[in-house]
Amino acid sequence: LAASLLFLVASSIASADDDGRWLRLKAGSIDPLTALAAAATEDDGPDGGVRIVQFNRAIEPAVLDAVRGLGVELLGYLPDRAYLVRVPEGLGERLEGLADVRWTGEVRPAWKIAPDLGTRTFVDPDRRSAGRMEVTLDLFPGEDATTTVAAVRATGAEVWDVVRFSDVVRLRARADLAQVDTISKLPAIAWVEEAAEITSRNEITKWVIQENIPDTTPIWDVGLHGEGQVIGHLDGRIDMNSCWFRDEVDNTPGPSHRKVIAYRSSTGQGADSHGTHTAGTAAGDQGPVNGVSDHNGMAFAAKISHGNSRDITGSDTRQSNLYDYLAAAHDDGARVHTNSWGDDGTVQYTTWSQDIDRFSYEFEDS
């Protein structure tokens, strides 16, 4: 997970052979002994704090025990044979002197900045106004959010949200390129990327999913319609008055609703056509309302735990946390999650990618 925090501008690319020399980070790989040799006489930052340590052999328990024995905290693995660590002040030289240590050094500010920052194309023109960008800032594990927020604001940047989940602390801010450059130099900052923008995607039909032969539904034909299941649905607001979702007894979403057992939304009013469409594709069922089954959803007997995707990406709330939405649906009983949108502005491993991986790792039944 720590590897997802760092970006390295490659000054030399790893060869095909894997001999453990390479430090493989966001957008490139280097051999730190050779690539950073020219900077060896430069100040390598404080003796303590967050650093990278690379080992000269396979990492075994004894190797890590020697590091821990110095009082060094292991924050996460980095390929190859390296760890992100927090070093107490004054112990940097002792860490460097361990027999199994090949290289150790500070996390350079340039390694913390996403390679596509400032170059992405957005549908929403407000994403870049007056020369400023919406950015997501991840902190190194264990860093103090309050102190860091004050330091970020001192650069002139605006901070509007602090998100905490698992061991992650993430800030959402608006800053220009000069401010980002200053922010990247803050010791607590691990990663800076431009905040993502959701692009809707939904081109699914029942026969494509079931057999990819037009007008055949072999899954339904054997009696499987989603009975007893909950689907986690993260998208735009569902039209609760639609016949595919409406409960004629009590149309208030909740545990007793026939279709939508949870509805999380802090933004906007009314319905969203895309969210209504995708919820219907997943589990829409108009039979209880009008007795018609045409155009029902794939798992039309399942129920839905809904979260509003605009709460994550919209400029009105400016949150950036997929993990909590997935975990909330899991708490409602969802073990299948559908998100018919994506972040088309980048192919980088973003914080949203990290959130999904972390959730998948911690909730393996989903």
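**Figure 1. Overview of the predicted model.** A residue counts as buried when its relative accessible area is under 20%. The model is predicted, and buried residues make up 50% of its 366 residues. The chain forms 12 helices and 17 strands. Of the contacts between residues at least 6 apart in sequence, 71% join residues at least 24 apart.

Figure 2. Helix 5 spans residues 177-184, and its buried residues are Gln179, Val180, Ile183 and Ser184. These residues lie on the same side of helix 5, because they cover an arc of only 140° around the axis.

**Figure 3. The N-terminal end of helix 5.** Asp176 caps this end of the helix. A side-chain oxygen of Asp176 is placed 3.2 Å from the backbone nitrogen of Ala178.

Figure 4. The side chain of Glu134 makes a polar contact of 3.0 Å with the side chain of Arg172.

Figure 5. Trp111 sits in the loop that runs between strand 6 (101-106) and strand 7 (128-129). With a relative accessibility of 5%, Trp111 counts as buried, because the cut-off is under 20%.

**Figure 6. The largest cavity and its lining.** The structure contains three cavities of 30 Å³ or more, and the largest has a volume of about 80 Å³. Its lining is made up of Gly232, His233, Leu234, Arg264, Ser305, His306, Gly307, Tyr325, Leu326, Ala329, His337 and Asn339. Strand 13 (230-235), strand 15 (303-308) and helix 11 (322-331) are the elements that each give two or more residues to this lining. By residue class, the lining of the largest cavity holds four nonpolar, seven polar and one charged.

Methods:
Residues numbered from 1 in each chain as written. Predicted model: local features only at pLDDT ≥ 70, side-chain atom pairs only at ≥ 80, totals over all residues. Heavy atoms only, no water. Buried < 20%, exposed > 50% of the residue type's maximum accessible area, 1.4 Å probe, protein only. Helix = DSSP H or I, 4+ residues; strand = E, 2+ residues; numbered from the N terminus. Arc of directions from axis to C-beta. Polar contact = N/O pair within 3.5 Å; in protein donor to acceptor, adjacent residues only side chain to side chain. 1 Å grid on protein atoms, 1.4 Å probe; cavity = no way out; pocket = protein on both sides within 12 Å on 5 of 7 lines; lining within 4 Å. Points joined across faces, edges and corners; volume = space filled by probe spheres on them. Nonpolar A, V, L, I, M, F, W, Y, C, P; charged D, E, K, R; others polar. Contact = heavy atoms within 4.5 Å.
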